[in-house]
Amino acid sequence: MNDILFGNNNTKTIKRLSKQYFKKNKVRNLAAILAIVLTAFLFTSITSLAFNMVSSMQLSMQMQKGSKGDGTFGYMTEEQFEQLKNSDFVEQAGHRRTIGYASNAVGHSVELNYADSIQQELTFCVPTHGSAPEKANEIATTELALKALGVEPEIGAEVPLEFELRGKTYHYDMVLSGWWEASNDTVSVAILSEQFVKDNPDVVKNTHAVDGEISGVTFSEVVLKDKTNIQEQMDSFVYSIGGNPEDMSADNFILSVENRWEKP
């Protein structure tokens, strides 16, 4: 250190004394350094473990419910879904149009839907083998659904598909484009393509307000920009488009449910 008044330079002396002190107490100093390093490592490990445990528990609850979204809207028309998708409080909005249930599945329920890529991601329906359907005759589902339909889980396999709708039985010979492992032993989702929807307007015609038929009704898993007061935001949107989120018997009822992940 340079002394302005007397011009002394003590830098070399200080360094020499520091080295002598460190050598004299070498074992103790090394132990102290090691203790600091181990403490930091253990703190980081415990924090990381706790975070992973919380994330794992949340993922498990999400898989049980079948959704990663903040909430679910349902029983909408396509026009109402467009309003939802373009609203300023939504970050992501999945698109699902229901068709019904496979009537030829044995021992396992197979729900038939059109779902876009966002809806597939938010509902754990992304194929881990093959890919999502694109052609009108393509389908993707779980290995349990395929077993119930009597089909081996092989890409390109023919999948016989039957369902009943408005008093009529429909039969399609589909081709397996992809599949994934089921997270539910009771029911699986089977995804049909957007082209299927375009080619079969009578199947996905929304007549729910007239006959209560579920086919053609639109659902959506949503991720909101603001995570506070989620249910209030969702209900407010429903009211803004002329819907009723409270009375299930109302003609303008729209499902509006927040997904809660905390432990019961």
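User: Say a charge sits over a ring if NZ of Lys or CZ of Arg is within 6 Å of the ring centre and within 35 degrees of the ring normal. Which residue lies over the face of Phe219?

Analyst: Arg96, at 4.4 Å from the ring centre. This is a predicted model, where local features need pLDDT of at least 70, side-chain atom pairs count only at pLDDT 80 or more, and totals for chains, interfaces and linings use all residues. Residues are numbered from 1 along each chain as its sequence is written, and side-chain values use heavy atoms, with hydrogens and water left out.

User: How many aromatic pairs are there?

Analyst: The count comes to 7. Rings of Phe, Tyr and Trp (its six-membered ring) pair if their centres lie within 6.5 Å; planes under 30 degrees apart are stacked, over 60 edge-to-face, the rest tilted.

User: Why is the Phe89 and Phe237 pair put in its class?

Analyst: Their planes are at 40°, so the pair is tilted; the centres are 5.7 Å apart. Phe89 is in the loop between helix H3 (78-85) and strand S2 (90-93), and Phe237 is in helix H8 (residues 230-240), 148 residues apart. Helices (H or I, at least four residues) and strands (E, at least two) are DSSP runs, numbered from the N terminus.

User: Is Phe237 buried or exposed?

Analyst: Buried, at 8% relative accessible area. Phe89 is buried too, at 13%. The cut-offs: buried is under 20%, exposed over 50%, partly exposed in between (1.4 Å probe, protein chains only).

User: What about Tyr172 and Phe196?

Analyst: Their planes are at 65°, so that pair is edge-to-face, with centres 5.2 Å apart. Tyr172 is in strand S8 (residues 168-180) and Phe196 in helix H6 (residues 194-199). Phe196 is buried at 1%. Ring pairs also link Phe163, Tyr170, Tyr172 and Phe196 into a cluster.

User: Switching to salt bridges. How many?

Analyst: The count is 5. The rule is a side-chain nitrogen of Lys or Arg within 4 Å of a carboxyl oxygen of Asp or Glu.

User: What does Lys68 meet in a salt bridge?

Analyst: Glu121, at 2.7 Å, N to O. Lys68 lies in the loop between helix H2 (26-65) and strand S1 (71-76), and Glu121 in helix H4 (residues 117-122), so the pair ties together parts 53 residues apart in sequence. Lys68 is partly exposed at 30%, and Glu121 is partly exposed at 40%.

User: And which residue does Arg97 meet?

Analyst: Glu78, at 3.7 Å, N to O. Arg97 is in strand S3 (residues 96-101) and Glu78 in helix H3. Arg97 is buried at 14%, whereas Glu78 is partly exposed at 22%.
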